[in-house]
Amino acid sequence: MTRARGLVAAFATLYFVQGVCEPVYGLLAQPVRAQLLRTGSTPGETARAMALLGLPWLLKPLFGPLIDRGHQRAWMSLASALACAGFVTLALSSDVARWSWLALLLLPSFAIALGDVATDALMVQHGQRLAITGVLQSAQWSASYLGTLAIGWWGGALAGDARWAFTLAAVLSALGFASSLTVAPTQAAARVRFSLRAALTPRVRWAALFLFLLGFNPFHALDYVHITRDLGLSDGHYGQTVSVGAAFSLTTCLLYGWLSKRVELARLGHAALGCSLIATLSVLLVDGAWSNFAVNGLTSMAWTFTLLMQLDLAARLCPPEYAGTVFALLMGVSNGADTLAAYLGGTLHDWLAPSWGAQHAYALLVVIGAACTALAWLPMRAAER
């Protein structure tokens, strides 16, 4: 029990840091988007730039074979150190051209993605050994959303000068480095080519398609633009909705940790899909500040529940000796769907907005995302046979 609690604390701290520092969805997301818009980027260009910053998450399967050869804890520590160095460089940079600034931001993006693969490998190995994969996922993402809750209110203020956000990210990356040293190493060896062939069973392939469809939501990358420009709400309001959503997500993480030990995963999957479909369509009802708060709470709970179910599924399917590769492969499919959706969503929005209007273009992207969520029921049923 003491060892399990120590693992929960260490992994929770690492995910807290990642949840704050990750450039696409963490603390930096709003300041980065605001900086891009201030320097003349269109909404579509902003979405494509965020898709570029999400590229390291698409490449996570390439990090897996490296991580599975051993020294996962050392890779975690190295990744935290590289992220800290990158954020320090960005905090000290001023008057840098837009694309040079994005290029600098790719270093910590790659470092965080690399560290995430090493963290997940150790989580799967320790979690399967102690039968607590669901509990560890719950703890990790509770901490991640706690970080979002803690800094969401600052999103609007930091949108005025991204260097302060980079400074905070550098400090927290140093905390992540210290926490990585407290996780016990494991004795996993690997023959990666063999593990991939053995892992690509029909069930895993259906799971990959399931994760892709759930991750394909082309409107997510345009949420900030839709809220602040189409609906005319402030950066401060957007930051507040981030905190409100994080509070609901934190509650959902704690609930999932309890349910994962009591309800079979297939039932959790069906519940997650139904809730996610309803939540996605509810985005179309937002027309002002209060409706945005309400819908944000609903969608945060549904999407968090769905996310944890996906992560728990992937963790249970991984052979522990090849955890980094297989888990990264499955999550790479999900992240790839998110990156592709962001890019295509931004392109489609810029193409349709002049003739349809920005709000109608955004609504179409929401409907596409809901359709993909509904289609995810097919591979889920196939995997159950």
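Predicted model: local features only at pLDDT ≥ 70, side-chain atom pairs only at ≥ 80, totals over all residues.

Now switch to a cartoon view. You'll find 19 helices and 0 strands in the protein chain. Of the 385 residues, 57% are buried. How do the contacts run along the sequence? Among contacts between residues at least 6 apart in sequence, 84% join residues at least 24 apart.

**Stop one: helix 3**

Select residues 43-53, which make up helix 3. This helix is mostly covered, with 8 of its 11 residues buried. To see which ones, color Pro43, Gly44, Thr46, Ala47, Ala49, Met50, Ala51 and Leu53.

**Stop two: glutamine 140**

Next, go to helix 8, residues 133-152, and pick out glutamine 140. Is glutamine 140 buried or exposed? Its relative accessible area is 0%, and buried means under 20%, so glutamine 140 counts as buried. What does glutamine 140 touch, leaving aside its neighbours within four places in sequence? Show the side chains of Phe11, Ala12, Tyr15, Thr119 and Met123: glutamine 140 is in contact with each of these.

**Stop three: helices 15 and 16**

Select residues 265-282 for helix 15 and residues 289-317 for helix 16. Two packed helices are described by the angle between their axes and the distance between the axes. Here the axes come within 8 Å and cross at roughly 150°, and the crossing is left-handed.

Zoom in on where the two helices meet. On the helix 15 side, look for residues including Leu265, Leu268, Gly269, Ala272, Cys275 and Ser276. On the helix 16 side, their partners include Val295, Leu298, Trp303, Phe305, Met309 and Arg316. Sorted by class, this contact has 13 nonpolar, 6 polar and 2 charged residues.

**Last stop: the cysteines**

A disulfide is a covalent bond between the sulfur atoms of two cysteines. How many disulfides does the structure hold? The count is 0.

Terms used: Residues numbered from 1 in each chain as written. Heavy atoms only, no water. Axes fitted to C-alpha atoms, helices over the stretch in contact; angles between N-to-C directions. Helix = DSSP H or I, 4+ residues; strand = E, 2+ residues; numbered from the N terminus. Left-handed = near helix turned anticlockwise from the far one by under 90°. Contact = heavy atoms within 4.5 Å. Nonpolar A, V, L, I, M, F, W, Y, C, P; charged D, E, K, R; others polar. Buried < 20%, exposed > 50% of the residue type's maximum accessible area, 1.4 Å probe, protein only. Disulfide = S-S within 2.5 Å.
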